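Hello,

Here is the structure I promised to pass on. Please have a look at it first; my notes follow below.

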Amino acid sequence: MTSDRSTFFSKSLLVGTLALCASSAISAPIILNNHGFETGDLTGWDYIGEVLAAGVTDVTTNNDTIYTLSPFQSRMAYLNGQGASVTEIEEFLGIEVGSLYQAQIVGDSTNQNGGGEGPEIPEGPGDGEQPGVFNTASQSELEDSPTNGNYELTNGSAIAQTFTAQAGDTISMSWNYVARDYIPYTDPSFAILIGPDGEAIIDVLASTTGPGFTTGSDGISGVFNFTEELTQDGEYTLAFAVTNSGDEVLNPALFLDNGVSECVPNCNDIGSPENPLLPEEDDTPEVFDFTFEVTEPSTPIFIDPIVAVGYDYVVHSGPNVASVILPNIGDGEFDLYGWDGSDYSIFLGSVLAGVEFNFAPGGVDRFRVLGIETEAGLDPTDANAFITGLTFVDTGTVDISQTPLTVEVDEVPALRSHCRYWRLACLQASLCEEKASDRA
């Protein structure tokens with residue numbers, strides 16, 4: 001552990017997102033000291049807990065899945081979720097005790113109890129082990145827990161560097177998170193940005209249950225490029241942390257680098273949520289067209305247009321759509337409508353974000369999604385605005401279109417919490433809304 005850093009961080013805290021609206025200034029990239037850890041050590045960085053500069057690293061999860069992660073060049077930072085208590089981490093960062101737990105519960109509708117301590121941890125099967133130290137309960141028992149995570153954060157590690165920047169500059173780091181544990185142990189990872197005015201903004205990068213990228217049990221996020229445009233002149237501090245929740249075993253891991261590294265298996269496969277298929281390059285905003293090969297019909301393929309408040313999905317050729325998974329946008333509640341031969345008038349049902357909706361046997365060749373609120377404030381230039389998962393009834397080449405439903409509004413809504421750390425642009429164009437008709 002390095003020397004105490006609590007004096008240079010303000011106690012001011014905003015628990016929310018790291019999405020700071022873009023300014024009109026021309027940005028310049030900030031190159032951090034030992035940005036890619038190529039010195040072979042942590043020169044230039046302060047840290048607490050178990051942190052090291054690593055080469056190729058194998059991470060084994062609770063179910064014996066082995067992920068092999070390789071650095072962008074020869075080294076990357078490896079934060080293992082142990083070595084310091086969460087209170088020590090927060091004091092090291094100079095933020096209020098309980099701040100990381102508060103950040104963990106933002107946006108999680110499964111548990112709104114708040115406070116600095118999490119819910120009671122399920123006890124194990126009578127072997128006398130103490131909750132909060134050993135993870136002894138069965139996986140099926142824990143996955144049925146009504147709290148779905150948000151346990152008290154216990155221990156972990158963190159790394160930080162202070163730098164000087166001007167308004168309009170950008171800071172960038174690549175990160176990859178691995179969950180050794182299983183649901184409902186959240187085991188979150190964080191990005192923390194402290195500005196010249198002393199304001200600290202915390203966001204969850206990834207966890208097993210959400211918020212942030214949701215890996216599920218024993219999962220991996222894949223590589224994301226964290227990029228932030230800065231809005232003030234002066235001294236900033238960028239920090240990352242990863243913590244256990246509810247116990248001190250099956251530690252999560254967070255990897256940092258100055259470029260996109262590699263990992264196997266399940267590292268940003270084409271058609272995955274973190275690397276969805278995008279529309280064809282010559283596409284127009286009126287209709288987004290996708291053509292791809294279906295080899296495993298029951299495995300979701302994720303596609304993503306540019307902006308959405310409602311969509312019509314139409315299969316022009318190839319197998320029908322068997323099911324759909326919609327993203328957590330707005331209130332996360334959507335209505336699905338089927339085609340009656342002339343219009344989308346058949347109400348198929350309501351669906352929550354992230355929950356697979358299965359169509360009738362044989363699937364459908366078209367359907368409509370409604371219910372994305374104007375207040376959701378989607379960025380019309382965002383290439384990751386509405387990531388949709390589709391499964392199909394058979395193999396074959398699919399030609400499918402996704403047409404946004406639009407109605408002009410008089411006022412641009414305020415950005416909401418889904419404007420996450422990886423979305424840089426502010427809302428700079430009129431948004432649209434499709435007003436859903438009454439259910440049939």
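Of the 440 residues in the protein chain, 53% count as buried. Please keep in mind that this is a predicted model.

Confidence comes next. Mean pLDDT for the protein chain is 75. A value of 70 or more is reached by 69% of the residues. Two stretches deserve a flag. Residues 107-148 have pLDDT below 50, and in the model this stretch makes 90 contacts beyond near neighbours in sequence. Residues 409-440 also have pLDDT below 50, with 92 such contacts in the model.

On secondary structure, the protein chain has 26 strands and three helices.

One sheet I looked at is open and has four strands. Its order is β18-β25-β20-β23, and the pairing is antiparallel. Ser323 has Asn358 of β23 as its bridge partner.

Now the nonpolar cores. The largest has 31 residues. Which of them touch the most other members? They are Ile159, Phe240 and Leu256. Leu256 has contacts with Phe37, Met76, Ala77, Leu79, Ile159, Met173, Ser174, Trp175 and Phe240, leaving aside neighbours within four places in sequence. Another core, of 29 residues, lies apart from the largest one. Its members include Ile301, Ile303, Val324 and Val351.

Arg368 sits in strand β24, residues 366-370. Is Arg368 buried or exposed? Its relative accessibility is 15%, so Arg368 counts as buried; the cut-off for buried is under 20%. The side chains of Arg368 and Asp312 are joined by a polar contact of 2.5 Å. Setting aside neighbours within four places in sequence, Arg368 is in contact with Tyr311, Asp312, Asp335, Leu336, Tyr337, Tyr344 and Leu405.

Leu348 belongs to strand β22, residues 346-352. At 33% relative accessibility, Leu348 counts as partly exposed. Leu348 and Asp335 are 13 residues apart along the chain, with 7.6 Å between their C-alpha atoms. Not counting residues up to four places away in sequence, Leu348 touches Leu336, Tyr337, Gly338, Phe357 and Phe359.

Trp339 is in the loop between β21 (333-338) and β22. With a relative accessible area of 32%, Trp339 is partly exposed. The contacts of Trp339, leaving aside neighbours within four places in sequence, are Tyr344, Ile346 and Arg366. Trp339 and Asp365 are 26 residues apart in sequence, and their C-alpha atoms are 8.9 Å apart in space.

Best wishes

Key: Residues are numbered from 1 along each chain as its sequence is written. This is a predicted model: local features need pLDDT of at least 70, side-chain atom pairs count only at pLDDT 80 or more; totals for chains, interfaces and linings use all residues. Side-chain values use heavy atoms; hydrogens and water are left out. Two strands pair if DSSP finds at least two bridges between them. Helices (H or I, at least four residues) and strands (E, at least two) are DSSP runs, numbered from the N terminus. A nonpolar core is a set of buried Ala, Val, Leu, Ile, Met, Phe, Trp, Tyr and Cys residues joined through side-chain atoms within 4.5 Å. Buried means under 20% relative accessible area, exposed over 50%, partly exposed in between (1.4 Å probe, protein chains only). Contact means heavy atoms within 4.5 Å. pLDDT is the predictor's confidence in each residue, from 0 to 100. A polar contact is a pair of N or O atoms within 3.5 Å; within protein, one must be able to donate a hydrogen and the other to accept it, and residues adjacent in sequence count only if both atoms are side-chain atoms.
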